[in-house]
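Please look over the fold shown below.

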Amino acid sequence: MVNGFLRVAATVPKVTPADCAANVEGIIALAKELDAKGARLIVFPELCITGYTCGDLFHQQKLLDDALDGLQTILAASSAIKAILVVGMPLRIGTGLYNCAVAVHDYQVLGIVPKCYIPNYNEFYEKRWFHSGYDLNTQVRLENQCQPVPVSPNLIINARWMIDDDRLSKWIDDSVKIGIEICEDLWSPTPRSTQLAMQGADVIVNLSASNDLIGKYHYLTDLIRQQSGRLLCGYVYAGAGWGESSTDLVFDGKAIIAECGSILGRNERWTHTPQYVIRDLDLEAIRRDRLHLGTFTDAVKSFQPLSETVNVDCGLHYHELPDLLREVVPHPFVPSDKGHRDERCSEIINIQVAGLARRLDATRCRKLVVGISGGLDSTLALLVAVEAFDSLGLDRKGIIGVTMPGFGTTKRTKSNAALLMETLGVTIREIPIGEAVNIHFRDIGHDPEVKDVTYENSQARERTQILMDLANQEGGMVLGTGDLSELALGWATYNGDHMSMYGVNASVPKTLVKYLVQWFADRTDNEQERRTLLDIIDTPVSPELLPADTHGNIAQKTEDLVGPYELHDFFLYYTLRYGYSPSRVLFLAEQAFNESFNRATILNWLKTFYRRFFNQQFKRSCLPDGPKVGSVCLSPRGDWRMPSDASARAWIEEIANIKY
C-alpha cells in the first residue's frame, strides 16, 4: 500500500446487450481514465463484457466466442494499465457455463472467480443459463496465457507493491489481499465475502447486476456498509446501469465503496453516461481494527474453510498519493450534518443522564454538588444533572450549584453561572475563594504576586475542597465536569478539578461539548435559559485562574496555552482509535486542515499533544467513574491502560525528524 492507502474504483460502464466489442471499448476507456487518476484496483459490473440481460443468448456460441475475444482485447490493453481490472463475463468450464469475474493485470489473467449463489426467484432466473461455482476448483487454459489460470470461489489476489528504481524493480515488503464475490453471493446467509475475509482478504470486490426496486437501493447500501463493518474490510461494489435491457427490469447503475462500516463514496445513479466512484481505502486502519478487535481473530481461528484457498501473486507499481480521494473530516467527533449531529447529541445526553441516574439510585443519593463556572463543561454537567434528577422524580433543589469566584473570575462568567442556575431552579451557593487562598499562600510562604502554577493550582484545589466538604455536609456527592480532551492533555489540577465522585463528561471531547449545550438551547422554552446558554457557548474556554485584563475580560485562554482543541481532538482520535504514528497523523491532519493550519503549526501542537499525553497519564490512572459515550475513551478501567512512566521519546523523535 502507498501511504497506507489503496486507490480503488467502482465503475458503471454503458453497455449494449450482446455487443461485446462496444462493451469492451467502454470498459477499456474507463480503465484508462481511472488508471490515469492513480487507481490500482478497478472493478466493473457483473457480465459487463456481454451485458447482464442477454437471456437465452448466453447459450449462443457466437456470444461466448465474442466474450472471449473481448477478454483478449482487454488483456492487450492491460499491458499499458497499472491497475488490476476485474471484469464480468460468461465462461464455459467443462460442460457448464459459469457467471464469472475475471481478474486481469499486465496482460495476465490472474484468476477466475465463479458466482456461487445463482438466484432463481421472482425476476431472476439465472439457473436457466448458469451453474453454481460453489465447489468449482480447477484450472483453465486461455488463449495467449502461458500458464493455466486458476478457477475458484476461494481465489485471493495477493498484490505486492514494487518500486522502479534505476530501471530495476524492487519489491516493497507489503501487500493487499483482494477477494471477489458476485452479486447474489453477498445476499446469501453465508456470503462468500465472509469466507474470503476469514482467509485473509483485506478488500472485497463485488461485481453486480442488481436491478432497482422501491427501497432496494437503501437496503443494499446498508447491506454493503454492514458487511464491510462486520468483516473490517474495504468493499468495492460495481453494479450494472444504463444500456441493459428494460424489457422487464431497470438498472440504476450503483457504484459504492465502503470501509469498516462507513460508506466512503457512491456515484450518481440514473445517468445515461458511464459513471464511477474512486476513493482511497485506508488499509492501515483495516489492519489495525483487525488486530485490535479480538473477536475477528477468534473468528479466523475457528473458521472452517469450505475448500482450500487459492492464492495468486501479482505486483503493483508503487506511487505516491499527494492528496487523498477520501474525506478526512477535521472534526471526527462532530458530525457535519445537523440532523446526524442532533441524533448523536441526543444519544450522548441519554447515556450521560442514564449513567448519573443509576449512580444516584445505587447510592441512594438525593444531593449533588456541582461547581458552576459559567463555562461549557460545568454547564453541560449541570444540564445533565437536571435531566437525571427529573428522570428520577427528584427535586431539582437537591442539585447544589456552587460558584466560587476567584482571582480570574469575570463578570460575564459569574453572571451566566447565576442566571443558568436560576432558570434551572437548582439551589444556588456562592463561596468566594480569594480570602481562603490568600491564607493558604501565607501558610505555605507563597508570594501572591508570583502568578505561577502554585498560584493557579491552589485555587483549583481550594474549589475542590469546598465542593467535597459541601457534599459531606449535605450527604451528597460531587459531580465532576472535566471532559475527554482535558484528560488527554492533563489540563486539570491533580486532586483539584481532576477529582470528583462521578465524572459525567469524562468521555465527551471538547469539540463536541458546545454542540451538546446547543442541543439544550435549541429545545428549551425558557428564553432566558436559551440566551444564557448561547452566551456560554460564545465564551472563550478558560480556567480563569489568572486575573482578567484591564477591561474585565478573560485574559487566560486555554487554547493559547495548549493549542487549538480542534487539532488536539483530531490527534486524539487518530492516535487512540487507529493507533497511527505521528507522521501518519500529520499526513491526515494536513488533508483535513489544509485551509486552517500550516504544517509547522500542526507539527508544533502535535509535539505538544504527545508530550502532554504521555506525561499526564498519572492523572488518568486514578480517574473517577464516568460513562463511556463513544469509541474513544480514556478510562483506566476500560479503554486505555498505559503505564504512567511510559516514555514519549520515540514519538517526539519521529516528529523532530519530519521536515517542515
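L368 has M477 as its bridge partner in β19. The pairing behind this is parallel: strand β16 (residues 368-371) and β19 are joined over two bridges. This model is predicted. Both strands belong to an open sheet of five, ordered β18-β17-β16-β19-β20, with parallel pairing. The edges are β18 and β20 (502-503), each of which pairs on one side only. In general, strands of a sheet pair through backbone hydrogen bonds, either parallel or antiparallel.

Now the β18 end of the sheet. Strand β17 (residues 399-403) pairs with strand β18 (residues 427-430) in the parallel sense, over four bridges. Within this pair, I428 of β18 is the bridge partner of G401.

Elsewhere, strand β3 (residues 84-93) pairs with two partners, one parallel and one antiparallel. Strand β2 (residues 41-43) runs parallel to β3, joined by three bridges. Strand β4 (residues 96-105) runs antiparallel to β3, joined by nine bridges. How enclosed is β3? Nine of its 10 residues are buried, so the strand is largely enclosed by the rest of the structure. The hairpin of β3 and β4 has two residues between the strands, and G94 there takes a positive phi near 65 degrees.

| Residue | Bridge partner | Strand of partner |
|---|---|---|
| L368 | M477 | β19 |
| G401 | I428 | β18 |
| V43 | V86 | β3 |
| R92 | L97 | β4 |

Two further residues have positive phi, and neither is a glycine. Most residues other than glycine have a negative phi. C260 has a positive phi near 50 degrees. The residue sits in the loop between β12 (255-259) and β13 (262-266). R364 has a positive phi of about 55 degrees. Its loop lies between α8 and β16. Is R364 buried or exposed? R364 has a relative accessible area of 71%, so it counts as exposed.

G475 is in another loop, the one between α12 (453-474) and β19 (477-480). G475 counts as exposed because its relative accessibility, 53%, is over the 50% cut-off. Beyond its neighbours within four places in sequence, G475 is in contact with C365 and K367. D497 is 22 residues from G475 in sequence, and their C-alpha atoms are 20 Å apart.

I278 gives a contrasting case. This residue is found in strand β14 (residues 275-282). Its relative accessibility is 8%, so I278 counts as buried. Which residues does I278 touch, leaving aside neighbours within four places in sequence? The contacts are R7, V8, A9, L34, K37, A39, I257 and L325. I42 is 236 residues from I278 in sequence, yet the two C-alpha atoms are 8.8 Å apart.

Helix α14 (residues 510-523) has a set of buried residues: K510, T511, L512, V513, L516, V517, W519, F520 and A521. An α-helix has 3.6 residues a turn, so residues three or four places apart point the same way. Which helices do the buried residues of α14 pack against? The partners are α8 (338-363), α9 (376-392), α13 (484-489), α15 (527-538) and α17 (565-577).

Last, the chain as a whole. The secondary structure comes to 21 helices and 20 strands. Along the principal axes, the C-alpha atoms fill a box of roughly 100 × 60 × 45 Å. The chain has 660 residues, and 56% of them count as buried. Take the contacts between residues at least 6 apart in sequence: 73% of these join residues at least 24 apart. The accessible surface is about 28200 Å², and 48% of this belongs to carbon and sulfur atoms. The charges number 66 positive and 82 negative, and their mean positions are 3 Å apart.

How values were computed. Residues are numbered from 1 along each chain as its sequence is written. This is a predicted model: local features need pLDDT of at least 70, side-chain atom pairs count only at pLDDT 80 or more; totals for chains, interfaces and linings use all residues. Side-chain values use heavy atoms; hydrogens and water are left out. Two strands pair if DSSP finds at least two bridges between them. Buried means under 20% relative accessible area, exposed over 50%, partly exposed in between (1.4 Å probe, protein chains only). Contact means heavy atoms within 4.5 Å. Accessible areas come from the Shrake-Rupley method with a 1.4 Å probe; for residues, only the protein chains shown count as cover. Lys and Arg count as positive and Asp and Glu as negative; His and the chain ends are not counted. The place of a charge is taken as NZ of Lys, CZ of Arg, CG of Asp or CD of Glu.
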